[in-house]
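This report describes a structural model and is intended to be read alongside the sequence and coordinates. Please consult both while reading.

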Amino acid sequence: MIKRITILILWALSSIVTYAQTPGAILDSAIAAVDRAGGITANYTVNDGQQALSGRIAMKGTRFAMMSRDIKSWYDGNTQWTFSTATGEVNITEPTEAELQMTNPLATLRAFKASCVATKTAPRQTGCYSMTLAPKQRSQIRFVVLTVDGKSSLPVRADVLMRDGTQATLTVTDVKTGQTLPDSSFVFNKNLVPEGTPIVDLR
């Protein structure tokens, strides 16, 4: 579930786009937008019908930091630190390119551009545009319906259907680009986890 929620969050935040005529053009615009956006921050809420998870994410280039009540994760472009209240420990890894496609916004977007078929779909909200993204090959995700605001072109919602039938809705608010984010924002901060938390180096 943690990995699924991560996918949802990153999908929406990677889609800060200017709406174009075709779904393919939307994805191209999204990649270009993330490349030039500088620092990005946003609030998010994911609801799977049984529980809701809210938090905040910061991104800059290949780096990101995600903060919620139950999960905290930092990635500095090479090393990733992840704390989960479920395990009560911090795991340190050096994720592969394939693993980053599950956790890094830009890598995720580029991977889906190559591996998904994008089609227009009826808007999920008034004044918005929606598109359906379906993987070309079998994967955990059956499809994602991404919705962007017609005026601001910012993502407002993502509806995801998993292969096992699990559904979840992500809403994104307070998206800001061009933010000044120091490199230290993407490095593990021991002050943000309980004192004495075990650190497990899996590199």
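This is a predicted model: local features need pLDDT of at least 70, side-chain atom pairs count only at pLDDT 80 or more; totals for chains, interfaces and linings use all residues.

The model contains an open sheet of 12 strands, arranged in the order E7-E8-E9-E10-E11-E1-E2-E3-E4-E5-E6-E12, with mixed pairing. E7 and strand E12 (199-201) stand at the edges; each has a single partner strand, so one side of each lacks a neighbour in the sheet. From one strand to the next, the twist averages 20 degrees.

Strands of a sheet pair through backbone hydrogen bonds, in either a parallel or an antiparallel sense. Strand E1 (residues 39-47) and strand E2 (residues 52-60) run antiparallel and are joined by 8 bridges. Within this pairing, alanine 42 has isoleucine 57 in E2 as its bridge partner.

Strand E7 (residues 116-121) pairs with strand E8 (residues 128-135) in the antiparallel sense, over 6 bridges. Valine 117 is placed opposite alanine 134 in E8. The hairpin of E7 and E8 has 6 residues between the strands, and glycine 127 adopts a positive phi near 80 degrees there.

E8 is also joined by 6 bridges to strand E9 (residues 141-149), and these two strands run antiparallel. Here methionine 131 stands opposite leucine 146 in E9. E8 and E9 likewise form a hairpin, with 5 residues between them.

The side chain of aspartate 159 makes a polar contact, at 3.0 Å, with the side chain of threonine 169. Leaving aside residues up to four places away in sequence, aspartate 159 touches Arg124, Phe143, Val144, Val145, Ala168 and Thr169.

## Salt bridges

Side chains of opposite charge can pair when their charged atoms come close. A search of the whole structure identifies 6 salt bridges. One of them links aspartate 174 and arginine 56, whose closest N and O atoms are 3.8 Å apart. Aspartate 174 belongs to strand E11 (residues 167-179) and arginine 56 to strand E2, so this pair ties together parts that are 118 residues apart in sequence. Aspartate 174 is partly exposed, at 38% relative accessibility, and arginine 56 is also partly exposed, with a relative accessible area of 30%.

A further salt bridge involves aspartate 183 and lysine 60, with 3.4 Å between the closest N and O atoms. Aspartate 183 lies in the loop between E11 and E12, while lysine 60 is in strand E2; the pair therefore ties together parts that are 123 residues apart in sequence. At 47% relative accessibility, aspartate 183 is classed as partly exposed.

## A local pair and a network

Arginine 69 and aspartate 70 meet through their side chains in a salt bridge of 3.4 Å, N to O. Arginine 69 counts as exposed at 64% relative accessibility, whereas aspartate 70 is partly exposed, with a relative accessible area of 27%. Elsewhere, salt bridges that share partners join Arg56, Asp174 and Lys176 into one network.

Key:
Residues are numbered from 1 along each chain as its sequence is written. Side-chain values use heavy atoms; hydrogens and water are left out. Two strands pair if DSSP finds at least two bridges between them. Helices (H or I, at least four residues) and strands (E, at least two) are DSSP runs, numbered from the N terminus. A polar contact is a pair of N or O atoms within 3.5 Å; within protein, one must be able to donate a hydrogen and the other to accept it, and residues adjacent in sequence count only if both atoms are side-chain atoms. Contact means heavy atoms within 4.5 Å. Axes are lines fitted to C-alpha atoms, for helices over the stretch in contact, and angles run from 0 to 180 degrees between N-to-C directions. A salt bridge is a side-chain nitrogen of Lys or Arg within 4 Å of a carboxyl oxygen of Asp or Glu. Buried means under 20% relative accessible area, exposed over 50%, partly exposed in between (1.4 Å probe, protein chains only).
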